[in-house]
Amino acid sequence: MPFDRSQLDPGSRQPLYVQLSEVLAGYIATPEGMRAGRLPGELELCGHFGVSRNTVARAVKILGDANLVRRVKHRGTLIVAAQSNRDPARGRASIGLVFPISVSWNAALRTIEEEVNLHGYNLEIFPYQWESPEAERDAVERARARCSGLILYPDSRGAAAPLVDKLNREKFPLVLFDIDFSEVACNAVVTDGESAGFQLGRYLIERGCRRIACYSWLGRLNSSRRKIAGFTAALTQAGLEAGEMLEIDGGAVDSPEVLRRLRESLARRPDGIFCTFMWKALFDELQHTGTDSISIANFDIAPFLNLNFEVLSAETPKLAIASRAVRLLCERIRHPDALFEKCFIAHRIIRQPKGGHLAP
């Protein structure tokens with residue numbers, strides 16, 4: 001740090017806190033100060049200049065009154081001129097959340113709002129109908145026009161990929177939520193489906209399963225592909241080949257055609273099932289047929305009790321994704337030229353024994 005005690009004169013008529021404010025004002029105008037974007041903490045300044053905390057506080061107040069710095073909770077004393085126009089240090093701003101209409105994410109949405117407020121922003125939510133590219137595109141454009149940054153839960157068909165690429169090239173702060181695009185370099189917070197898929201696959205193998213059926217939904221998504229890749233890796237490690245694959249790509253998962261294919265698959269009597277989502281129709285069908293000798297590994301908890309088979313579930317860490325997405329977006333707002341970052345969040349593995357209750 002370019003500070004030392006010789007920059008202050010204790011014998012001067014000018015109070016030490018005034019002298020210190022002038023030294024700090026000079027630092028703020030330097031390239032070093034602009035790059036740092038903030039002043040050192042009070043204790044650091046006390047150590048550099050050999051003065052009391054009261055002297056430092058009075059000096060910083062002078063700078064604050066002159067609108068050269070601003071104190072922001074959890075971030076310190078920021079240099080106003082060094083902050084992005086989108087940064088709440090220049091005044092309270094908004095973060096936009098473009099999210100498909102869904103009640104299953106309500107707790108995560110509350111976490112996002114709490115985290116956004118903690119960082120000094122307001123939250124604006126722009127809901128859209130999932131798998132409607134036009135609605136998604138309109139919501140993104142409205143959020144972009146109103147907000148300092150954007151968290152996007154994208155449409156499953158990847159229609160937003162070109163728009164995401166455009167926003168990234170324009171350095172508009174953006175973070176993808178839960179779903180990302182392999183063909184676009186971008187910031188994203190997603191689940192570590194490959195690791196969870198491997199754990200679930202190992203579980204089925206250790207249970208003695210050798211004819212494992214694999215049921216996946218929206219296999220075009222990176223998240224689904226990662227789950228399948230982890231499961232396949234577990235089979236390969238054990239010297240086994242993938243069993244029957246039932247892919248559901250488009251349409252309702254409980255449509256008559258999909259249910260017909262499910263029943264045909266179960267009629268071939270697999271001894272284990274790996275499912276990339278929580279499929280109620282699967283559990284209903286197994287209950288209906290009285291199956292009691294099959295092990296199941298799936299993603300997200302099955303809200304059923306007293307089942308006749310054992311279930312291991314990888315629970316989506318929704319609250320962790322929500323919190324990390326906000327923090328990553330705030331970092332992007334402050335540092336728009338930083339390299340893109342992709343964060344993988346581990347699933348929580350939950351076991352439900354036969355006829356028992358869900359337990360970690």
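Colleague: In this predicted model, which residues of the largest nonpolar core touch the most other members?

Modeller: The model is a predicted one, and its largest nonpolar core holds 29 residues. Those that touch the most other members of this core are Ile 95, Ile 112, Phe 177 and Val 189.

Colleague: Which element gives the most to this core?

Modeller: At least two residues of the core come from each of strand E3 (93–100), helix H5 (106–118), strand E4 (121–128), strand E6 (174–177), helix H12 (318–334) and strand E13. The element that gives the most, with 8 residues, is H12.

Colleague: What does Ile 112 touch, not counting residues up to four places away in sequence?

Modeller: Ile 112 is one of the residues that touch the most other members of the largest core. Once residues up to four places away in sequence are left out, the residues that Ile 112 touches are Leu 97, Leu 123, Phe 177, Ala 322 and Val 326.

Colleague: Are helices H6 and H7 roughly parallel or roughly antiparallel to each other?

Modeller: The axes of H6 (residues 133–146) and H7 (residues 161–169) come within 11 Å and cross at roughly 20°. Angles under 35 degrees count as roughly parallel, and the two helices are therefore roughly parallel.

Colleague: Is His 347 buried or exposed?

Modeller: His 347 has its place in the loop between strand E13 (342–345) and strand E14 (348–352). Leaving aside neighbours within four places in sequence, the contacts of His 347 include Thr 191, Asp 192, Phe 299 and Pro 317. Buried means under 20% relative accessible area, and His 347, at 12%, is therefore buried.

Colleague: How far apart in space are Arg 211 and Leu 240, C-alpha to C-alpha?

Modeller: Arg 211 is found in the loop between helix H8 (193–206) and strand E8 (212–217), and its contacts beyond four places in sequence are with Arg 269, Pro 270, Asp 271 and Gly 272. Arg 211 and Leu 240 are 29 residues apart in sequence, and their C-alpha to C-alpha distance is 9.3 Å.

Note on methods. Residues numbered from 1 in each chain as written. Predicted model: local features only at pLDDT ≥ 70, side-chain atom pairs only at ≥ 80, totals over all residues. Heavy atoms only, no water. Axes fitted to C-alpha atoms, helices over the stretch in contact; angles between N-to-C directions. Helix = DSSP H or I, 4+ residues; strand = E, 2+ residues; numbered from the N terminus. Parallel < 35°, antiparallel > 145°, perpendicular 65-115°, else oblique. Buried < 20%, exposed > 50% of the residue type's maximum accessible area, 1.4 Å probe, protein only. Contact = heavy atoms within 4.5 Å. Core = buried A, V, L, I, M, F, W, Y, C linked by side-chain atoms within 4.5 Å.
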